Amino acid sequence: MKDQFLQYLAHERHYSALTVLSYEQDLRAFEDFFTHIDSQLSWETTDSNIIRAWMESMMDKGHKATSINRRLSAVRSFYRFALSRGMVERDPSHGIAGPKRSKPLPKFVREQELNRLFDDVPWTDDFKDVRARTILLTLYSTGIRLAELIGLEDGSVDVRGRQMKVTGKRNKQRIVPFGDELAETLTHYLEIRGQQVPSRSAAFFTTKEGMPLTRWQVEYEVNKHLKRVSTQKHLTPHVLRHTFATSMVNHDAQIETVRRLLGHESMGTTEIYTHTTFEQLKKVYNQAHPRAN
């Protein structure tokens with residue numbers, strides 16, 4: 001029965017020899033599993049519980065979700081073929097969902113690295129330097145998106161009230177608070193901008209010629225200055241958004257508060273930061289506990 005399916009793939013579906021071999025290996029893996037459980041089991045008598053047990057065994061062995069789903073797909077295809085040819089009476093794989101692919105944990109810059117950037121790294125009073133430091137601190141202190149930062153105007157930032165109005169996805173606006181340090185930094189930026197940029201657009205962050213900054217210009221500045229303290233490959237404005245959220249959760253902020261500050265529609269989007277925190281806890285535990293390894 002299995003050989004007939006493989007012949008069907010090769011001669012009727014015209015799959016490549018490599019693809020057919022892949023199907024054969026995946027089907028053999030399942031066959032080895034169920035015959036190991038019970039030598040009397042066959043493709044005709046295997047049920048959905050056996051398939052689920054097979055998936056669980058692969059997860060226990062550390063197989064990735066993509067690998068498990070590929071093997072499950074091969075079994076599904078086989079049973080669809082066998083059922084259509086009357087070789088089996090039922091499809092035990094029907095309705096079985098594969099494991100969800102795990103989302104990669106968000107990258108973030110370590111807290112001590114950012115402390116070094118803002119507290120120890122030398123900065124000048126040149127407009128570009130002041131603007132770069134202000135942008136970095138704004139992204140880290142508020143967690144706003146790159147597009148939201150570029151969209152800020154003078155009227156959006158209330159330094160005295162310690163808050164800014166940002167326009168997020170689908171033009172939804174929200175108020176984001178900030179602290180004294182950013183307020184002082186923004187005030188200093190406005191002073192230097194007033195001295196060194198004679199005329200400008202309504203944008204809060206501008207070029208020295210007074211034009212609004214582009215995405216590329218902000219990304220370049222963020223990458224350039226984060227490299228002064230971090231060796232990570234991807235140092236983007238979005239990494240600072242992740243860093244803001246991770247820092248908030250690490251310092252006991254409620255996840256609902258973080259969701260509202262980030263402007264997420266769904267709590268599920270924000271909950272990834274709880275996983276990030278747990279991964280950090282596991283790392284510290286494994287390094288610190290004498291019997292962890």
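Which residue in strand 3 does M164 stand opposite? It's V176, and I'll get to that sheet in a minute.

Quick caveats: this is a predicted model, where local features need pLDDT of at least 70 and side-chain atom pairs count only at pLDDT 80 or more, while totals for chains, interfaces and linings use all residues. Residues are numbered from 1 along each chain as its sequence is written, and side-chain values use heavy atoms, with hydrogens and water left out.

Okay, overall shape. A compact globule of 293 residues would have a radius of gyration near 19 Å, but this protein has 28 Å; that's taken over C-alpha atoms, and the globule rule is 2.2 Å times the number of residues to the power 0.38. Along the principal axes, the C-alpha trace spans about 85 × 50 × 30 Å. As for burial, 42% of the 293 residues count as buried, meaning under 20% relative accessible area with a 1.4 Å probe, protein chains only.

Secondary structure: we've got 13 helices and three strands. Those are DSSP runs numbered from the N terminus, with helices being H or I of at least four residues and strands being E of at least two.

Now back to that sheet. The three strands make an open, antiparallel sheet in the order 1-2-3, with strand 1 (157-158) and strand 3 (173-177) on the edges, each pairing on one side only. Pairing here takes at least two DSSP bridges between two strands. Strand 2, residues 163-167, is joined to strand 3 by five bridges, and the two run antiparallel.

Terms used:
Buried means under 20% relative accessible area, exposed over 50%, partly exposed in between (1.4 Å probe, protein chains only).
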